[in-house]
Amino acid sequence: MKKILVTMFFVLGLMSAFSELEAHCQVPCGIYDDHARIHLMQEHVQTIQKARKMILELQAEKNSSKRNYNQIVRWVMTKEKHATDIQNIANEYFLVQRIKLDWPEKKRNTFLNQLHKILVYAMKCKQSLNEADYSKLNQAVNAFEQSYIGNNEKHKK
């Protein structure tokens, strides 16, 4: 019985460890889909914007006895998770895997500055419900898409 329990906990531990792996990969597999990653960031931005809207609507409920604090908390957690997901894609996929150290300094700095804006505005979306920050995050992701995809379509790997 003890052996079965130990084995079961070991398998559950392995399963939970692998369930956290969300990034594409950090091995040189060469299978990259930049378009998909940017599209995913854009979906995260839309989810963050919806969460902001829902939080504001729920907070505006005039009758405090009807105000659903559980739903507010759930939308805040959703907003946080999707902002973090954007930061993870920017860092772990683009910064670590796609932006090359041997690129010309001007090209590399352009993309580093754009990624930095995405990271900062994602952080600001976590911190507040300021509409301008949400708009700037959306603009930063779209500007990065136009610059990065356009620039790298010409220079495939």
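In helix α2, the buried residues (under 20% relative accessible area, with exposed meaning over 50% and partly exposed in between, using a 1.4 Å probe and protein chains only) are Asp34, Arg37, Ile38, Met41, Gln42, His44, Val45, Ile48, Ala51, Arg52, Ile55 and Leu58. This is a predicted model, in which local features need pLDDT of at least 70 and side-chain atom pairs count only at pLDDT 80 or more, while totals for chains, interfaces and linings use all residues. Residues are numbered from 1 along each chain as its sequence is written, and side-chain values use heavy atoms, leaving out hydrogens and water.

**Helix α2**

- Helices are DSSP runs of H or I with at least four residues, numbered from the N terminus.
- Helix α2 has 26 residues and spans 37 Å from its first C-alpha to its last.
- That span is close to the 38 Å expected at 1.5 Å a residue, where the expected span is 1.5 Å times one less than the number of residues.

**Gln42**

- Gln42 lies in helix α2, which covers residues 34–59.
- Gln42 counts as buried because its relative accessibility is 17%.
- Leaving aside residues up to four places away in sequence, Gln42 touches Val141, Asn142 and Glu145; contact means heavy atoms within 4.5 Å.
- The side chains of Gln42 and Glu145 are joined by a polar contact of 3.0 Å.
- A polar contact is a pair of N or O atoms within 3.5 Å; within protein, one must be able to donate a hydrogen and the other to accept it, and residues adjacent in sequence count only if both atoms are side-chain atoms.

**Aromatic pairs**

- Rings of Phe, Tyr and Trp (its six-membered ring) pair if their centres lie within 6.5 Å; planes under 30 degrees apart are stacked, over 60 edge-to-face, and the rest tilted.
- By this rule there are seven aromatic pairs.
- Tyr93 and Phe94 pair edge-to-face, at 4.8 Å centre to centre and 90° between the planes.
- Phe94 and Phe144 also pair edge-to-face, at 4.9 Å and 80°.
- This second pair links distant parts of the chain, 50 residues apart: Phe94 is in helix α3 (residues 69–98) and Phe144 in helix α5 (residues 131–154).
- Phe94 is buried because its relative accessible area is 0%, and Phe144 is buried at 0% as well.
- Ring pairs join Tyr93, Phe94, Trp103, Phe111, Phe144 and Tyr148 into a cluster.

**Charges over rings**

- A charge sits over a ring if NZ of Lys or CZ of Arg is within 6 Å of the ring centre and within 35 degrees of the ring normal.
- The charged end of Arg37 sits over the ring of Tyr93, 4.9 Å from its centre.
- The charged end of Arg52 sits over the ring of Tyr134, 5.5 Å from its centre.

Terms used
Helices (H or I, at least four residues) and strands (E, at least two) are DSSP runs, numbered from the N terminus.
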